[in-house]
Amino acid sequence: MAAAQGAGSSSAGPSGLPSSAPGHSSNSTSTAVAVWEWQDEFGRWRPYRGNVCSYIEQVFQASQQKGRRSGSGLVSSIPLGHADPVLAPYVIDIPSLTQFRQDTGTMRAVRRHLFPGDSAAGQGIIWEWQNDEGGWSPYEMNVCVFLEQARATNHQRVDLGPLGYNYEVDFVAQVQTNKTTRFRRSVQRRLDAPYPVTASPAPLHTGVACSCQQCWLNSGTGPITTRYRHSMINFPNSSTTHQVSSRTASVSSSSVGFVPYNKPTLSGARSTPRLNAQSTWALPQAGGPSTGLSASNGVSAPNVPVKMPKPSKVNQALAATPTEPEAVVRKYLEELKGAPADEDCIICMEKLSSPSGYSDTCECSTIKPEAVGRLTNCQHSFHMLCMLAMYSNGNKDGSLQCPSCKTIYGEKTGTQPKGKMEVSTFPQSLPGHRDCGTIQIVYHISRGIQGPEHPNPGMPYTARGFPRYCYLPDNEKGRKVLELLRVAWKRRLIFTVGTSSTTGESNTVVWNEIHHKTEMDTNVSGHGYPDPNYLDNVLAELAAQGVTEDCLRQ
């Protein structure tokens, strides 16, 4: 890894940089590079790797050219597994500018920015900061470009304030410093594949994003204000926060800079998924929401199934009544007599009026490929065979989750390995909760062998960092969270086996999708207190897993 080195004599803030203020390159060259980024659960934008961006841009540009010739719209979806097999669980939906993660049902905003060919993006240079687990997290590409320009102009230190970050970066010491707390993190500069060259119709913006026409047209953050292809609802908005704000213990979030959850590769769907040329597309227009550095449209999540394997003897034994796949699908879906004429199945991306895209690989004697069902509560419709494939690729625990709005039917369980959860209290208070003592939770999980519900059955898994200590205030709301965490633990929802988003290690125990506070008296890392929103946020995360107050009354 190339270390960040800075020459020159004096320290300087961004005022000395040629791109410190909004501006455009002086020449009118049409050469640019396109960078696609996804938004993580903390509101940070993370660039896809260069080779993945190249594939996304290639499909995107080919679709634009075809659309100009034929008058049809852009492609609807781009399966990232075509660029990198380990990204098979991910599909980008272009009309809504969102990334679907099919194994967990998570959906995240994506955006596209253009940068000069001689910028950090054009050279494949990535700047990263060291996270709490010792791994490296990339800055968004705007910041990478900014840092590289500062380094190239011999600055020893630069202030990231104009870019929305409360940090200074020292190139000589290779550290990032929080200007308020003075907490320091290491930074590094590394080389990756260059980002794809594309055409730019206007001079490129080389500074902080502004409201110029180019910034409206060359960057986009979903969802777009035209037709929603899947008519999804209940998209929670995530506020833009950077690195430390309200950040808690690492969850198993999807990451393209890191290896995602290692599910089987996406294959078998007849269209895998189909690139629908009839979907409409429009970039954000001037006067709409800003799509610059501060843009933030957090979104939620449908599932897309991977290939449904033929059941092994172990799976057949686990799939006993009442969790038999066909019975579960028929329990929660009401079969429709006629399919909606112009509505898509968001699982296979085929029209509901056409047969399921999984009819070639998912065999069922009682559910026909053209059968369409509607979930009884939320009223969303899908091919019944697609729902069967999705269910059969999961835990087969008797529950279903709507791929569109995430409504849970039945009792959702996870894939957490065996372990022990211990709870104790002590009188010391947590910052922000001086009126009460503290609840301490200790999770114990040991290494073992993966079961049939895990990514690689029969292979060993590691359990790093156990026992893990977590903290709650010992007040009414804290005790409520504790009882719900007990339910989540019993349902195997707190941890899972997958690939660490911070270290890249696969086949290891990782946090699932319920945040925990692992520090007591400091929040410089985002893992501690004070955090006035934490208890409400974790209650919402528990509810998203089907763990609510109703569970305590059962």
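At 42% relative accessibility, Glu411 counts as partly exposed (buried means under 20% relative accessible area, exposed over 50%, and partly exposed in between, with a 1.4 Å probe and protein chains only). This is a predicted model, where local features need pLDDT of at least 70 and side-chain atom pairs count only at pLDDT 80 or more, while totals for chains, interfaces and linings use all residues. Residues are numbered from 1 along each chain as its sequence is written, and side-chain values use heavy atoms, with hydrogens and water left out.

**Salt bridges**

- Side chains of opposite charge can pair when their charged atoms come close.
- A search of the whole structure turns up 21 salt bridges (a side-chain nitrogen of Lys or Arg within 4 Å of a carboxyl oxygen of Asp or Glu).
- Glu411 teams up with Arg491, and their closest N and O atoms are 3.5 Å apart.
- Glu411 sits in the loop between strand 19 (408-409) and strand 20 (419-426), and Arg491 in the loop between helix 8 (476-490) and strand 25, so this pair ties together parts 80 residues apart in sequence (helices, H or I, of at least four residues and strands, E, of at least two are DSSP runs, numbered from the N terminus).
- Arg491 is buried, with a relative accessible area of 8%.
- Salt bridges with shared partners also link Arg49, Glu128, Arg190 and Asp192 into one network.
- Lys179 forms a salt bridge with Asp159, with 2.9 Å between the closest N and O atoms.
- Lys179 is in the loop between strand 11 (175-178) and strand 12 (184-191), while Asp159 is in strand 9 (residues 157-159), so the pair ties together parts 20 residues apart in sequence.

**Helix 3**

- Glu148 and Arg151 both lie in helix 3, 3 residues apart, which is about one turn of the helix.
- These two form a salt bridge, their closest N and O atoms being 3.6 Å apart.
- Glu148 is buried at 8% relative accessible area, whereas Arg151 is partly exposed at 22%.

**Nonpolar cores**

- The largest nonpolar core has 43 residues, and Tyr48, Leu80 and Tyr139 are among those with the most contacts inside it (a core is a set of buried Ala, Val, Leu, Ile, Met, Phe, Trp, Tyr and Cys residues joined through side-chain atoms within 4.5 Å).
- Helix 3 gives the largest share of this core, 7 residues.
- A second, separate core of 34 residues includes Ile441, Tyr471, Leu484 and Cys551.

**Strands 25 and 26**

- Strand 25 (residues 495-498) points Phe495 and Val497 one way and Thr496 and Gly498 the other, and all are buried.
- Strand 25 pairs with strand 26 (residues 508-511) in the antiparallel sense over 4 bridges (strands pair if DSSP finds at least two bridges between them).
- Thr496 has Val510 in strand 26 as its bridge partner.
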